[in-house]
Amino acid sequence: MDQIAEEFTKANPQIRVNVQFMIGNSVEENLMPKVGSRALPDLMSVNPNAFTARLADQKLLMDLGDTAAWTNMLEPLKGDWTSPANHRFGITAGVATTAIFFNKDLFQRAGISSLPTNFDEFLAVCEKLKKAGITPIMWNGGFANMLGNGPFSSGFANNIVGAHANWKRSIADGSLNLDSAATADIFSKIKLVAQRGYVQDDFMSTNYDQGIKLFTEGKTAMAFHGTWAAGLLMHGKGFQTGLFMPPWNTAGKLPVPVVGSETGFAVANAANRKEAMAFLEFIVGKGFSIQQNKRQNIPAMKQVDGVVVNDVALTEYMRVVNQMPVSASPYYAFLPASTLELVHSLMQEVLFGNITPQQAASSLDASIKGEAEKTNK
């Protein structure tokens, strides 16, 4: 982003960009105090969810429907960024999906010749790696956002989305019962992988960058991560990387992949909105290849300026994902903002052993129902 801002300023010397990187576990956590103090950044990272949509319907964000960026964004993603009052409030930074990235050399060393297709097979692969003296998978205990994008989202996709056709509507109106064994199982799987010793030492303090480094340096055999980090994950040091669909499904059932919009950008309805709009157009226009070539994420634009760099294996993975009969959204796209923050703490509390998976499920259910009640009054 610093490089993009620098290139934008070269082309627009009358506009100065002050880049500030977010803190905390989510963009919502980062923006909440700024909303309260009416100090939103001119251009900000946002998620395609109810929290951001409310900001748009409160006219704190600009409608981006007349921008070239909106016109160029892939049609299936536009619904993610349209509020109930039909404000087109954001532009995605890419197509987001999650995968298990794996070290082919370590799999070969452990004698693993076939990839797991369900959760029991995944556990068996982890056990085989562990017996070979290899740490099976990296868990981002210190940055719960990635536990949310990875095992929580896939657990929700396979346990809840796969069983409820109108799950999004049921979350919104509070009728979806998540105080259930199926929800508890989402948290149980997260804990079980750690409990069996399939994760790295001190995993509860591992942050985002440290987690990626553990995998790319060959210290873990797998990383449950997003395609937004493919530029790093697909190019480990001295080994070949492969990827497969997270097998969070039970035997005999197809996996439900997680796919949707990446975190994107919105423009505040404030004094510098014209300049911020120009910067937004640059980020997903002429400046897009700067970040894409480094991140090697999946473009969300119909036409892209410059060369797009993607690994062949990643392209094939997306083809398979797009053919699956059922898919789910990333967790940040459907959970209420307060519930999103709660999920982060629930996962960490389950991993610390302070609460049970069933208690976590009950808290999640109560939070979603409480938010639905407030919203639908």
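In the predicted model, Ile100 stands opposite Phe244 of strand E6, and strands E3 (residues 95-103) and E6 pair in the antiparallel sense over four bridges, where pairing requires that DSSP finds at least two bridges between two strands. Helices (H or I, at least four residues) and strands (E, at least two) are DSSP runs numbered from the N terminus. From strand E6 (residues 241-244), Thr241 and Leu243 point one way and Gly242 and Phe244 the other way, and all are buried; buried denotes under 20% relative accessible area, exposed over 50%, and partly exposed the range in between, with a 1.4 Å probe and protein chains only. Residues are numbered from 1 along each chain as its sequence is written. Because the model is predicted, local features need pLDDT of at least 70 and side-chain atom pairs count only at pLDDT 80 or more, whereas totals for chains, interfaces and linings use all residues, and side-chain values use heavy atoms, with hydrogens and water left out.

The axes of helix H2 (residues 27-36) and helix H16 (residues 337-352) come within 10 Å and cross at roughly 130 degrees, the axes being lines fitted to C-alpha atoms, for helices over the stretch in contact, with angles from 0 to 180 degrees between N-to-C directions. H2 and H16 are therefore oblique to each other, since angles under 35 degrees count as roughly parallel, over 145 as roughly antiparallel, 65 to 115 as roughly perpendicular and the rest as oblique. Contact, meaning heavy atoms within 4.5 Å, is made by Glu28, Glu29 and Met32 of H2 and by Ala337, Ser338, Leu340 and Glu341 of H16. Ser26, found in the loop between helix H1 (2-11) and H2, is buried, with a relative accessible area of 2%, and touches Asn145, Leu340, Glu341 and His344 when residues up to four places away in sequence are not counted.

Pro48 lies in the loop between strand E1 (43-46) and helix H3 (50-57) and is buried, with a relative accessible area of 6%. Leaving aside neighbours within four places in sequence, Pro48 is in contact with Asp80, Trp81, Phe89, Ser261, Glu262, Tyr332 and Ala333.

Most residues other than glycine have a negative phi. Asn86, in the loop between helix H5 (75-78) and strand E2 (91-92), has a positive phi of about 70 degrees and is exposed, with a relative accessible area of 52%. Gln296, in the loop between helix H14 (288-295) and helix H15 (312-323), has a positive phi of about 55 degrees but is buried, with a relative accessible area of 11%.
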